[in-house]
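Colleague: I am new to this one. Could you walk me through it, a step at a time?

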Amino acid sequence: MNVSLDDVRHIARLARLELTEEEVERFRRELSTVLEYVEQLEGLEAGRAEEAPAPDQPLRPDSVAEGGDVAPLRAAAPDFVDGFFRVPRVIE
Amino acid sequence: MIPGHRCTAVELSEAVRAGESTASAAVEAALARAREIEPLHAFLSFREEEARREAAEVDRRIAAGEEADLPLAGVPVAVKDNIAIAGGATTCGSRLLEPFVSPFDATAIARLRAAGAIVIGKTNLDEFAMGSSTENSAFGPSRNPHDPTRVPGGSSGGSVVAVAAGCVPVALGSETGGSVRQPAAFCGAVGVKPTYGRVSRSGLVAFGSSLDQIGTVGATVEDAALLLSVIAGSDPRDATSAPEPIGDLAAALDRWNPAGARIGWPAEYFGAGLDPAILAACEAARDALAAAGAEVVEVSLPHSPYGIAVYYTVAIAEASSNLARYDGVRYGHRAEAGDLSSMYLKTRAAFGAELKRRIMLGTYVLSAGYYEAFYGKGTAVRARIRGDFERAFERVDAILCPTTPTPAFPIGEKADDPLAMYLNDIYTVSANLAGIPAISLPWGRTPARPDRPALPIGIQLMGPDFSERRLFEIARFLEGKAPS
């Protein structure tokens with residue numbers, strides 16, 4: 001599996017990671033190595049994905065419950081004003 | 001730094017319930033031992049004041065005659081720092097969550113409290129539980145109590161060290177690919193990965209959601225079983241928690257008779273790369289079961305060699321999705337920046353190298369054009385791994401195999417070779433992929449060599465869904481036969 005430097009930059013953009021040029025080169029090598037290892041699955045005759053383990057997951061009743069206390073969420077937020085999370089400017 | 005004498009959680013809680021000891025004394029002893037083992041860096045934070053207050057409350061409840069409701073009366077517990085405790089830190093070993101204060105208790109924590117246990121501190125881990133050595137913690141590695149130049153394993157390294165070094169009798173960890181069993185093997189403790197769905201994950205920080213499960217660590221099989229019996233069971237806060245009854249997981253384990261039990265011996269787990277001392281340990285355990293009347297049956301798990309490849313498609317894909325939430329908007333670390341896009345980038349720059357690697361890999365395998373080839377294929381082969389186990393468990397009650405291919409390795413040895421680090425989990429990932437329960441228990445040590453001292457060996461038992469009770473019985477039997 002040959003991952004290019006441009007592939008790494010593209011993936012980093014998708015993942016919202018800012019990489020240094022040194023990291024771009026390192027991840028190119030490391031991603032290639034790991035993905036090459038994973039490629040051994042390619043020739044394998046596999047089952048269907050739907051056969052994957054799916055434990056019983058009964059749904060809880062759809063009823064109104066207590067909760068929704070804003071105070072701890074406000075306390076945990078970096079910037080919280082008038083019931084909203086505030087972020088830096090989105091558009092110029 | 002080998003532990004001195006200590007009593008088990010079973011003995012301690014009995015003594016506290018009987019009024020022969022107190023929760024307060026147990027907590028003081030644990031905190032004192034925690035200070036002695038500080039160089040091992042098992043803990044990231046302590047709850048000294050809270051623990052003392054909670055211990056006094058347990059002692060008050062005992063005095064009020066409520067001891068019957070307290071199966072873990074006065075038992076000090078260490079908890080991996082990716083499990084939330086209200087009002088305290090849950091750093092996940094990451095700068096991203098360094099400023100975070102948990103607004104609620106994980107369900108497992110609430111159940112520990114109700115049972116009379118007292119959490120004394122939060123333990124070190126690989127950042128967001130991603131690693132096999134605890135070297136990926138943003139706050140520095142933990143060290144193996146049997147040789148401090150070696151890793152304790154990971155990612156639940158701190159919890160296992162706290163138990164193995166005699167600070168607490170039991171601890172909580174979490175598993176995605178072996179993160180409780182592998183450090184338990186490296187440090188000479190018992191580590192349990194319960195069936196997927198056995199324990200509520202409400203309050204456990206997500207890594208790979210189709211794999212994650214809270215697990216227990218104990219110095220003895222009975223203690224690890226007792227701890228699991230307290231935290232197990234369905235929970236309306238976790239839709240993946242299973243409704244199956246828990247049963248009594250810990251009582252009278254030593255009454256089990258191996259005669260007639262069928263123990264599986266999987267050829268695929270004893271190939272190249274396995275340390276000869278670990279192979280010999282598995283053979284000795286097998287022979288002990290056979291000598292007591294168990295039937296040893298060769299089984300085949302032909303897709304197990306693909307476990308790591310499958311794991312590193314499924315787990316990284318789920319990790320990259322789960323880690324998208326760390327964007328500096330709602331909680332945790334936020335880096336200041338002039339616009340939103342820069343804020344995301346600068347905030348997420350606080351992830352460590354392994355986290356970035358896994359986010360990159362996960363984003364890659366989920367990206368357009370690669371999804372089917374990697375994630376789709378991985379999920380399909382995963383079904384085959386599950387199928388292998390289902391066929392094997394038609395013929396056997398449990399499977400016996402190694403937990404790790406080698407004993408604990410030196411700190412730094414695999415730090416620059418991600419694939420070598422990942423391959424350390426080769427015997428543990430299959431249980432996570434299949435969703436089945438598994439236990440690692442100590443079986444003696446490797447012979448001392450010029451390049452390494454005698455180090456603990458872990459052997460593993462795997463069983464069908466919800467067979468924890470049977471695994472504990474077999475493990476308890478083997479515990480009695482194991483060399484020290």
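What follows is a short exchange about a predicted model.

Colleague: How are H1(A) and H11(B) oriented to each other?
Modeller: H11 of chain B spans residues 353–366, and its axis comes within 9 Å of the axis of H1(A). A:Ile11, A:Ala12 and A:Leu14 meet B:Met360, B:Thr363 and B:Tyr364 there. The axes cross at roughly 95°, so H1(A) and H11(B) are roughly perpendicular.

Colleague: Now chain B. Which strands are the edge strands of the open sheet?
Modeller: The sheet has 11 strands with mixed pairing, in the order S1-S3-S2-S4-S6-S5-S10-S11-S9-S7-S8 of chain B. The twist averages 30° from one strand to the next. An edge strand pairs on one side only, and here the edge strands are S1 (43–46) and S8 (295–299) of chain B.

Colleague: In which sense does S3(B) pair with S1(B)?
Modeller: S3(B) is mostly covered, with 6 of its 6 residues buried. B:Phe43 has B:Thr123 in S3(B) as its bridge partner. S1(B) and S3(B) are joined over 3 bridges, and the sense is antiparallel.

Colleague: What is the handedness of the β-α-β crossover from S2(B) to S3(B)?
Modeller: S2(B) and S3(B) run parallel and are joined by 5 bridges. B:Val79 stands opposite B:Lys122 in S3(B). The chain passes from S2(B) through H4 (107–114) of chain B to S3(B), and the crossover is right-handed.

Colleague: Which residue in S11(B) stands opposite B:Ser440?
Modeller: S10 of chain B covers residues 438–445, and S10(B) pairs with S11(B) in the antiparallel sense over 6 bridges. Opposite B:Ser440 stands B:Gln460.

Colleague: At what angle does H15(B) run to S10(B)?
Modeller: Two helices lie across strands of chain B. H2 (23–36) of chain B lies across S1, S2 (76–80) and S3 of chain B, at about 20° to S3(B). H15(B) lies across S9 (398–402), S10 and S11 of chain B. Its angle to S10(B) is about 5°.

Colleague: H2(B) also packs against H3(B). Are the two roughly parallel or antiparallel?
Modeller: The axes of H2(B) and H3(B) lie 7 Å apart, at an angle of about 155°. Residues in the contact include B:Val27 and B:Leu31 of H2(B) and B:Ala51 and B:Ala55 of H3(B). By class, the contact has 7 nonpolar, 1 polar and 3 charged residues. Angles over 145 degrees count as roughly antiparallel, so H2(B) and H3(B) are roughly antiparallel.

Colleague: Is B:Thr134 buried or exposed?
Modeller: B:Thr134 sits in the loop between S3 and H5 of chain B. Its contacts include B:Asn124, B:Pro141 and B:Ser155. The C-alpha atoms of B:Thr134 and B:Ser156 are 7.2 Å apart, though the residues are 22 residues apart along the chain. B:Thr134 has 34 C-beta neighbours inside 10 Å, so it counts as buried.

Colleague: What is phi of B:Phe466?
Modeller: Most residues other than glycine have a negative phi. B:Phe466 lies in the loop between S11 (456–462) and H15 (468–481) of chain B. With 20 C-beta neighbours inside 10 Å, B:Phe466 counts as buried. Its phi is positive, near 60°.

Technical notes:
Residues numbered from 1 in each chain as written. Chains lettered and ligands numbered in written order. Predicted model: local features only at pLDDT ≥ 70, side-chain atom pairs only at ≥ 80, totals over all residues. Helix = DSSP H or I, 4+ residues; strand = E, 2+ residues; numbered from the N terminus. Buried ≥ 20, exposed ≤ 12 C-beta atoms within 10 Å, placed from the backbone. Pairing = 2+ DSSP bridges. Axes fitted to C-alpha atoms, helices over the stretch in contact; angles between N-to-C directions. Contact = placed C-beta atoms within 7 Å. Parallel < 35°, antiparallel > 145°, perpendicular 65-115°, else oblique. Nonpolar A, V, L, I, M, F, W, Y, C, P; charged D, E, K, R; others polar. Right-handed = clockwise from strand over helix to strand, strands pointing away. Lists of a residue's contacts leave out its neighbours within four places in sequence.
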